Amino acid sequence: METQLFPLLSIFFSIYLFAYFLVFRNWSPKIRPEASSCFISLFHGTPAVVLASRALLADDNLTFSSVNTDAQSLALDYSIAYFLTDLAHYIVFFPHDVLFIGHHLATLFVFITCRYLVAHGSLAILTLLILAEVTSACQNAWTLAGARRHDVEFAAKLYRLLSPPFYAFYSVVRGILGPLFVYNMVAYFVSGAADHVIPKWVWISWIIVVVSAISVSILWVWNLWVEFYRERRASSSLEKKVR
């Protein structure tokens, strides 16, 4: 399949500029970039899950080492275009955010090698994409609400309403489903079943990136839970003092 990267890249850049200069034009300059990033993520997350799911379900010969179909290549191009756009966002507005820039570079390495270098193994990469993006709609709504919770009452209420279910959903996906799938992925690659089409250094690199990303995600949501219960205890103590 011919690459669809450049048309998709122009679409994501256009969406970002539309969000920054029109949708969030009245927002504070401090949070406009983050809001615009969330906006393009809304156009990536759920559509990427649909694209990847349909591409995988339509493949009758699907294994961890099977050749990428056209639909799977399109799904990979779609996500590559998004991550390149968001990477540009971080480089321009948050050049010192080494964690997110590193995350995006590592993710792009995995997607690009799967799509353009080995052209095999999209089962692993697209399934991980589905697990990563299935929570994105909720996460983006939570992030946008959090950005305005200090100056908009509705945003504060929405943030408090979304936090527990979002944390729980994210914890199950990243803390249980993700590691279980990675275990099966590692077992397959370690067996050598894919070595004839995916060089060992490639799949080892994928595993390093994926395990690192999942570990950081688990740490992130753990800290969110800790902060959530700390705030609840503080609020409960304050209510008792008032009584």
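Arg 115 and Asp 77 are both buried. In this predicted model, their side chains form a salt bridge, with an N to O distance of 3.2 Å. The pair joins distant parts of the chain, since Arg 115 belongs to helix α5 and Asp 77 to helix α4, 38 residues apart.

**Salt bridges**

- The structure contains four salt bridges, among them the buried pair of Arg 115 and Asp 77.
- Side chains of opposite charge can pair when their charged atoms come close.
- A second salt bridge connects the side chains of Arg 148 and Asp 151, at 2.8 Å from N to O.
- Arg 148 has a relative accessible area of 19% and is therefore buried, as the limit for that class is under 20%.
- A further salt bridge brings together the side chains of Glu 153 and Lys 157, at 3.4 Å from N to O.
- Glu 153 and Lys 157 are both part of helix α8, where four residues, about one turn of the helix, separate them.
- Glu 153 is exposed because its relative accessibility is 59%, and exposed means over 50%.
- Lys 157, at 46% relative accessibility, counts as partly exposed.

**Nonpolar core**

- The largest nonpolar core has 58 residues, of which Ile 125, Met 185, Phe 189, Ile 198 and Trp 206 touch the most other members.
- At least two residues of this core come from each of α1, α2 (32–42), α3 (45–57), α4, α5 (98–118), α6 (122–133), α8 (153–190) and α9.
- Helix α4 makes the greatest contribution to this core, with nine residues.

**Nonpolar surface patch**

- Leu 17, Phe 18, Phe 21, Leu 22 and Val 23 make up a nonpolar patch on the surface, and together they have about 460 Å² of accessible area.
- Leu 17 is located in helix α1, which covers residues 5–23.
- With a relative accessible area of 44%, Leu 17 is partly exposed; a residue must have over 30% relative accessible area to belong to such a patch.
- In soluble globular proteins, nonpolar side chains tend to be buried together.

**Individual residues**

- Ala 119 is found in the loop between α5 and α6.
- The phi angle of Ala 119 is near 55°, which is a positive value in a residue other than glycine.
- Most residues other than glycine have a negative phi.
- Ala 119 has a relative accessible area of 30% and is partly exposed.
- Tyr 183 is a residue of helix α8, and its relative accessibility of 60% places Tyr 183 among exposed residues.
- Between Tyr 183 and Ile 207 there are 9.9 Å in space, C-alpha to C-alpha, while the two are 24 residues apart in sequence.

**Annotated domain**

- An unreviewed UniProt entry places the feature "domain: TLC" at residues 30–233.
- Residues 30–233 are 81% helix and 0% strand, and the end C-alpha atoms of this span lie 30 Å apart.

**Model confidence**

- The mean pLDDT of the protein chain is 93, and 96% of the residues score at least 70.
- Among the elements of the chain, helix α4 (residues 70–93) has the highest mean pLDDT, at 97.
- The lowest mean pLDDT among these elements, 85, belongs to helix α9 (residues 200–242).

Methods. Residues numbered from 1 in each chain as written. Predicted model: local features only at pLDDT ≥ 70, side-chain atom pairs only at ≥ 80, totals over all residues. Heavy atoms only, no water. Patch = residues over 30% accessible without salt bridge, like charges linked within 9 Å, V, L, I, M, F, W, Y side chains within 5 Å. Areas by Shrake-Rupley, 256 points an atom, 1.4 Å probe, with all protein chains shown as cover. Buried < 20%, exposed > 50% of the residue type's maximum accessible area, 1.4 Å probe, protein only. pLDDT = per-residue confidence, 0-100. UniProt positions renumbered as here; feature names shortened; annotations may be inferred. Core = buried A, V, L, I, M, F, W, Y, C linked by side-chain atoms within 4.5 Å.
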